[in-house]
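I opened this entry to record what I looked up in the structure. I began with the sheet and then turned to helices and confidence.

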Amino acid sequence: MPKIPETIHELTVGQVAARSGAAVSALHFYESKGLISSRRTPGNQRRYTRDTLRRVAFVRAAQRVGIPLATIRDALAELPEERTPTREDWARLSQAWRAELDERIRQLNRLRDHLTDCIGCGCLSLDSCVLSNPDDAFGDRNAGSRLLPERKAPAPGGPRAAPPPGEDCCA
């Protein structure tokens, strides 16, 4: 990992990428989303302050645990501009995400626990599957991978029969 001398207060996008491990394109994306900022030189090159390294680390750590970028941006907006987030900042901001992460863990555990059932039954149903339809809203009406009951095919060359009342026309 390249060391950047303390005397350098502004970094190029390449230096930030090399030091942070984030791709240049990711840094441009983060900037477009308001997660980091830069100034432009007279030659239109980006220059980042040193605190950008900590902000990028903050963004990447939050992303790794599944925090959406909009939530990360809102959290970073609570910090003063051009100040490196501290351990206390991280603890305060991440505490607000604890309930969301706990819910994601619960959902992932449920997915893990029911994944074998889903593969084992072979229903491929989005209607009665305990994973995609946890309350089984359609399970009392149908089974399998279809929403509507099967209809008899129309006679060759004849008109298609109208669906029963209350049913959609398309399966």
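**The sheet.** I found an open sheet of 3 strands in the order β1-β3-β2, with antiparallel pairing. Strands (E, at least two residues) and helices (H or I, at least four) are DSSP runs, numbered from the N terminus. Two strands pair if DSSP finds at least two bridges between them. I noted that strands of a sheet pair through backbone hydrogen bonds, either parallel or antiparallel. β1 (10–11) and β2 (39–40) stand at the edges with a single partner strand each, so one side of each has no neighbour in the sheet. I then looked at β2 and β3 (residues 46–49), which run antiparallel and are joined by 2 bridges. R40 has R46 in β3 as its bridge partner.

**Ground rules.** This is a predicted model, in which local features need pLDDT of at least 70 and side-chain atom pairs count only at pLDDT 80 or more, while totals for chains, interfaces and linings use all residues. Residues are numbered from 1 along each chain as its sequence is written, and side-chain values use heavy atoms, with hydrogens and water left out.

**α1 and α3.** I looked up how helix α1 (residues 13–20) meets helix α3 (residues 51–64): their axes come within 10 Å and cross at roughly 50°. Axes are lines fitted to C-alpha atoms, for helices over the stretch in contact, and angles run from 0 to 180 degrees between N-to-C directions. α1 and α3 are therefore oblique to each other; angles under 35 degrees count as roughly parallel, over 145 as roughly antiparallel, 65 to 115 as roughly perpendicular and the rest as oblique. V16, R19 and S20 of α1 make the contact with T52, L53, V56 and R60 of α3. Contact means heavy atoms within 4.5 Å.

**α1 and α2.** I next checked α1 against α2, which pack at an angle of about 110° with axes 9 Å apart. This pair is therefore roughly perpendicular. On α1 the contact uses V13, V16, A17 and S20, and on α2 it uses V24, L27 and H28.

**Confidence.** I looked up pLDDT, the predictor's confidence in each residue, from 0 to 100. The chain has a mean of 74, and 61% of its residues reach 70 or more. Among the elements, helix α2 (residues 24–32) has the highest mean pLDDT (95) and helix α6 (residues 98–121) the lowest (76). Over residues 145–151 pLDDT stays under 50, and the model has 22 contacts beyond four places in sequence for them.
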